[in-house]
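Student: Can we go through this one together? I have a few quick questions about how the chain packs.

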Amino acid sequence: MPNPNNLSLSISLVPECELFRLNRFYKRNGHKGKVDTGDTAFWLQDEKEILAAVRFTADGDILLLRGLWVHKERRGEGLGSMLLTGCRHYWGKHTCFCYPYNHLEAFYAKHGFAHPDEQAPEHLIRKLQSYQQRGEQVILMRHQLPCDCRM
């Protein structure tokens, strides 16, 4: 990944006392959502600023990946992939759903997400329909857990 300023990059859990900074990052970079105190969030930073962030909301026994957002001037550099990979220890062992924009389907597929089968929870399907009725160009995807084929 290009790092034009040769700055050190780090991925970390966002402390609750820093959630306001994450909300400022989202707003400055065009994301409509806000992180809630019950969310678990991670960010990718260099020594100067937040470059990317993602948050997860627990929804019963599943996780909902929300708000994966990259700094508007740094998109296309692989920062979103770096962040998702860097916090996979948190979300990768859970059933995890997301509502990506249509044009990001291949990005999420690269990280193990696919269209869910008919077993997607009904409330997530209703939420998808609500987004689509508002004109949002999103799809529902589910992280496919690796097969444990041991007997």
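**Core, strands and pocket**

Tutor: Take Phe56 to begin with: setting aside neighbours within four places in sequence, Phe56 is in contact with Asp39, Thr40, Phe42, Leu63, Leu64, Leu65, Cys87, Tyr90, Trp91 and Cys96. Keep in mind that the model is predicted.

Student: Which residues touch the most other members of the largest nonpolar core?

Tutor: Val54, Phe56, Leu65, Tyr108 and Phe113, out of 21 residues in that core. Two or more residues each come from β2, β3, β4, α2 and β5 (96-98).

Student: What else is there, apart from that core?

Tutor: Another core, of 11 residues, lies apart from it, and its members include Val14, Leu19, Ile50 and Trp69.

Student: Back to β3. How many of its residues are buried?

Tutor: Eight of the 10, so β3 is largely enclosed by the rest of the structure.

Student: And how does β3 pair with β2?

Tutor: β2 and β3 are antiparallel, with six bridges. Phe42 is opposite Val54 of β3, and a hairpin of four residues connects the two strands β2 and β3.

Student: What about β3 and β4?

Tutor: Those run antiparallel too, joined by seven bridges. Thr57 has Leu64 in β4 as its bridge partner. The hairpin between β3 and β4 has two residues between the strands, and Gly60 in the turn has a positive phi of about 65°.

Student: Switching topic. How much space is in the largest pocket?

Tutor: About 810 Å³. The lining has 32 residues, and the closest to the centre are His31, Gly67, Trp69, Tyr99 and Tyr101.

Student: Which element supplies the largest share of the lining?

Tutor: β4, with seven residues. At least two residues each come from β4 (62-70), α2 (79-86) and α4 (105-110).

Student: How does the lining split by class?

Tutor: It has 15 nonpolar, nine polar and eight charged residues.

Student: Where is His31, and is it buried or exposed?

Tutor: His31 is in the loop between α1 (19-28) and β2 (40-45). His31 counts as buried because its relative accessible area is 16%, under the 20% cut-off.

Student: What does His31 touch?

Tutor: Tyr26, Arg55, Gly67 and Trp69, leaving out residues up to four places away in sequence.

Student: Last one: which residues of α2 are buried, and what covers them?

Tutor: Leu79, Gly80, Ser81, Leu83 and Leu84 are the buried ones. Their cover includes β1 (10-13), β2, β3 (50-59), β4, α3 (88-91) and α4.

Key:
Residues numbered from 1 in each chain as written. Predicted model: local features only at pLDDT ≥ 70, side-chain atom pairs only at ≥ 80, totals over all residues. Heavy atoms only, no water. 1 Å grid on protein atoms, 1.4 Å probe; cavity = no way out; pocket = protein on both sides within 12 Å on 5 of 7 lines; lining within 4 Å. Points joined across faces, edges and corners; volume = space filled by probe spheres on them. Nonpolar A, V, L, I, M, F, W, Y, C, P; charged D, E, K, R; others polar. Buried < 20%, exposed > 50% of the residue type's maximum accessible area, 1.4 Å probe, protein only. Contact = heavy atoms within 4.5 Å. Core = buried A, V, L, I, M, F, W, Y, C linked by side-chain atoms within 4.5 Å. Pairing = 2+ DSSP bridges.
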